[in-house]
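Hi everyone, thanks for making time for this. I'd like to walk you through one structure, from the inside out, and you can follow along on the screen.

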Amino acid sequence: MPAPDIAVHANPDVLAAAVAARLVTKLVDLQASGTTPKIVLTGGGTGIGVLEQLRASVARDAVDWGKVEFYWGDERFVPPDDPERNEKQAREALLDHVPVDPAKVFPMGADTGTGPGGAEAAAEAYAEVLRQAARPEDHGPVPSFDVLMLGMGGEGHTASVFPHSPAVYETERTVVAVHGCPKPPPTRVSLTLPAIRRAAEVWIMTTGESKAAAVAMALGGAGEVAIPVAGAQGRRRTRWLLDRTAAAKLPRDLVPPIG
């Protein structure tokens with residue numbers, strides 16, 4: 001895997017605006033080359049903030065939104081209209097405001113009355129969605145996502161793959177149900193690290209002093225069992241997009257000028 005790129009921004013708002021600008025540029029470039037971009041969205045304050053910035057950007061109309069495929073890296077297994085769902089937040093922030101093709105939006109399943117046990121079926125169903133979207137040239141059961149966006153927790157989790165959890169040891173399945181998450185809601189559906197590593201580019205976005213230690217550990221060579229985000233790497237590029245406080249514990253030689 002290539003060495004990670006690191007960009008540091010002054011604060012979370014500047015970071016979200018910068019990532020939104022990067023994403024517009026990437027989408028336009030991919031479409032100009034004749035590609036239908038495959039983008040994996042993330043929730044959390046930063047991930048949704050990026051989508052809000054994108055919605056507000058004058059550059060958003062440069063993208064042909066009807067020719068972009070949207071996937072999710074993880075989802076809270078709650079009812080479909082629950083405000084905690086990453087899908088609902090993404091729709092409110094961006095997708096309901098641009099002319100996407102509903103057939104190209106691939107949300108993970110919700111709890112429609114099954115309770116936590118239904119997460120297993122939702123994971124299997126999403127794995128099948130990914131398998132059907134994969135092309136022969138992808139050489140596996142997952143599309144080669146163009147950009148896969150992720151957040152990171154203070155203990156180093158990403159998507160819903162938590163330290164020392166069963167999900168972090170998964171080597172075969174592309175999507176798993178996650179039970180007993182240490183932060184609510186306790187039941188999730190998540191891509192696994194092997195599925196994440198099928199992406200051409202992985203963008204890890206995180207802010208805040210509480211993330212600084214895990215950022216330093218992940219970029220310092222920690223193992224993915226203890227710091228799962230360390231195993232989230234793109235085939236061509238891994239971007240770490242940080243604010244000043246999240247980058248505070250990195251060695252000086254790793255920190256670029258603050259944008």
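**A walk from the inside out**

Let's start with Met 149, which lies in strand 5. Helices and strands here are DSSP runs, numbered from the N terminus: helices are H or I with at least four residues, strands are E with at least two. Before I go on, a word on provenance: this is a predicted model, where local features need pLDDT of at least 70, side-chain atom pairs count only at pLDDT 80 or more, and totals for chains, interfaces and linings use all residues. Residues are numbered from 1 along each chain as its sequence is written, and side-chain values use heavy atoms, with hydrogens and water left out.

So, is Met 149 buried or exposed? Its relative accessibility is 2%, so Met 149 counts as buried. The cut-offs are under 20% relative accessible area for buried, over 50% for exposed, and partly exposed in between, with a 1.4 Å probe and protein chains only. Leaving aside neighbours within four places in sequence, the contacts of Met 149 are Leu 23, Ile 39, Val 40, Leu 41, Thr 42, Trp 203 and Met 205. Contact means heavy atoms within 4.5 Å.

In soluble globular proteins, nonpolar side chains tend to be buried together.

Now strand 1. Four of the five residues in strand 1 (residues 5-9) are buried, so this strand is largely enclosed by the rest of the structure. Strand 1 pairs with strand 9 (residues 237-243) in the parallel sense, over five bridges. Two strands pair if DSSP finds at least two bridges between them. Within that pairing, His 9 stands opposite Asp 243.

On a 1 Å grid over the protein atoms alone, a cavity is a set of points where a 1.4 Å probe fits but cannot get out; a pocket is an open set with protein on both sides within 12 Å along at least five of seven lines, and lining residues have an atom within 4 Å of a point. Grid points are joined across faces, edges and corners, and a volume is the space filled by probe spheres set on the points.

How many cavities of 30 Å³ or more does a search of the whole structure find? The search finds one. The largest cavity holds about 30 Å³, and its lining divides into nine nonpolar, no polar and no charged residues. For classes, Ala, Val, Leu, Ile, Met, Phe, Trp, Tyr, Cys and Pro count as nonpolar, Asp, Glu, Lys and Arg as charged, and the others, Gly among them, as polar.

The largest pocket has a volume of about 350 Å³. It is lined by 22 residues, with Gly 43, Gly 44, Gly 151, Met 152 and Lys 183 nearest its centre. Helix 2 gives the most to this lining, four residues, and the classes are three nonpolar, 14 polar and five charged.

The second largest pocket contains about 220 Å³ of space. Among its 13 lining residues, Thr 35, Arg 135, Ser 144, Asp 146 and Arg 236 lie nearest its centre. Its classes are two nonpolar, three polar and eight charged.

Last, some backbone geometry. Most residues other than glycine have a negative phi, and most peptide bonds are trans. His 139 has a positive phi of about 55° and, at 69% relative accessibility, counts as exposed. His 164 has a positive phi near 60° and sits in the loop between strand 5 and strand 6. Finally, a cis peptide bond joins Pro 184 and Pro 185, with omega about -10°.
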